[in-house]
Amino acid sequence: GNQRFSTQKMKQNNRGAFRLREVASGQNPFAAILGCADSRVPAEIIFDQGLGDLFVVRVAGNVATPEEIGSLEYGTLVLGAKVILVLGHKRCGAVQAAMSNQPVPGQIGSILQKIRPIVVASNNQQGDLVTATAIANVKTQMAILESSPVLTDLIKSGKLKIMGGFYDLDTAIVTRVG
C-alpha cells in the first residue's frame, strides 16, 4: 500500500458506502499501527488502506504508554491483527522537543519524558540527529511492546509480529526499521 501511495497509484479500496456498511457491525483489522499523531502521517492514507483494515493508535512521538499498549493488546488479542507496526517519521516534532530539553506546558512533558532517554548523542551519529533519534525511538517502542505479556504470548504462539517503520515526509516512503 505504501508503494502505491508513494507512486500516486492508490486503489483506495474499502473506502466507500459498501465498506462502511460492511464494517459497521464489527472489525477485523489485519494490522495494528502505533504511529505518531502528526497530521502529516495518517496511516490509512500512506498505506492506501480503508475502513476496518488497520487498527491505529496515534500519539505524539509514537510512544508506548500503558494506554497505547492496552489498545494494541486489544487490537491483536481481541480483534486479531497479525502485525504491529511502530511507525516513526522524519522531522518529528515530539522528538525535536525532547532533544531540545526545554520546559513545556501542561502534559506535553509526559510524552517527552518517554523520548528523552533515547536521544542519540551527536558524537555517536553522523548526519541528521533528529532522524537518528526518531529511528532509535521506534526501536525502543518496539522493545517496550515486546515486554507486554499479552503481546509476548501472541508472538510466541506465532500469531503476531512486531515491526518498525520510518516514514520519510519528503519521499512518502516507509522503510523498515529493526
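Student: Which residue follows α5, and what is its phi?
Tutor: The model is a predicted one. In it, α5 is followed by Asn101. The phi of Asn101 is positive, near 55°.

Student: Where are the buried residues of α5 placed around the axis?
Tutor: Helix α5 spans residues 93–100, and Ala94, Val95 and Ala98 are buried in it. Their arc around the axis is only 100°, so they are on the same side of α5.

Student: What covers the buried residues of α5?
Tutor: The buried residues in question are Ala94, Val95 and Ala98. Their cover includes two helices, α6 (108–115) and α7.

Student: Where is Arg91, and what is its relative accessible area?
Tutor: Arg91 sits in the loop between β3 (83–89) and α5. Although not a glycine, Arg91 has a positive phi of about 55°.

Student: Is Ala172 buried or exposed?
Tutor: Ala172 lies in the loop between β4 (161–167) and β5 (174–177). Its phi is near 70°, a positive value in a residue other than glycine. A residue under 20% relative accessible area counts as buried. At 13%, Ala172 is therefore buried.

Student: Which residues does His89 contact, leaving aside neighbours within four places in sequence?
Tutor: His89 belongs to strand β3. With a relative accessible area of 0%, His89 is buried. Outside its sequence neighbours, His89 is in contact with Cys36, Asp38, Arg40, Val41, Ala134, Phe166, Tyr167 and Leu169.

Student: What distance separates the C-alpha atoms of His89 and Tyr74?
Tutor: Along the chain, His89 and Tyr74 are 15 residues apart. His89 is in strand β3, whereas Tyr74 is in helix α4. Their C-alpha atoms are separated by 25 Å.

Student: How many aromatic pairs does the structure hold, and which residues form them?
Tutor: The structure holds one aromatic pair.

Student: Where does Pro66 lie, and what is the distance between the C-alpha atoms of Pro66 and Leu145?
Tutor: Pro66 is part of helix α4. Exposed means over 50% relative accessible area, and Pro66 is exposed at 62%. Pro66 and Leu145 are 79 residues apart along the chain, yet their C-alpha atoms are separated by 9.7 Å.

Student: What separates the C-alpha atoms of Val78 and Pro29?
Tutor: Val78 is in helix α4. With 53% relative accessibility, Val78 counts as exposed. Val78 and Pro29 are 49 residues apart along the chain, and the C-alpha separation is 11 Å.

Student: Which residues does Leu151 touch, not counting residues up to four places away in sequence?
Tutor: With its sequence neighbours left out, Leu151 touches Leu72, Glu73, Thr76, Ile84, Leu145, Leu160 and Ile162.

Student: Which elements give two or more residues to the lining of the largest pocket?
Tutor: The volume of the largest pocket is about 250 Å³. Its lining has 17 residues, of which Ile33, Phe47, Val83, Leu85 and Met163 lie nearest the centre. The elements giving two or more residues are β1 (31–35), β3, β4 and β5.

Key. Residues numbered from 1 in each chain as written. Predicted model: local features only at pLDDT ≥ 70, side-chain atom pairs only at ≥ 80, totals over all residues. Heavy atoms only, no water. Phe/Tyr/Trp six-rings, centres within 6.5 Å; stacked < 30°, edge-to-face > 60°. Helix = DSSP H or I, 4+ residues; strand = E, 2+ residues; numbered from the N terminus. Contact = heavy atoms within 4.5 Å. Buried < 20%, exposed > 50% of the residue type's maximum accessible area, 1.4 Å probe, protein only. Arc of directions from axis to C-beta. 1 Å grid on protein atoms, 1.4 Å probe; cavity = no way out; pocket = protein on both sides within 12 Å on 5 of 7 lines; lining within 4 Å. Points joined across faces, edges and corners; volume = space filled by probe spheres on them.
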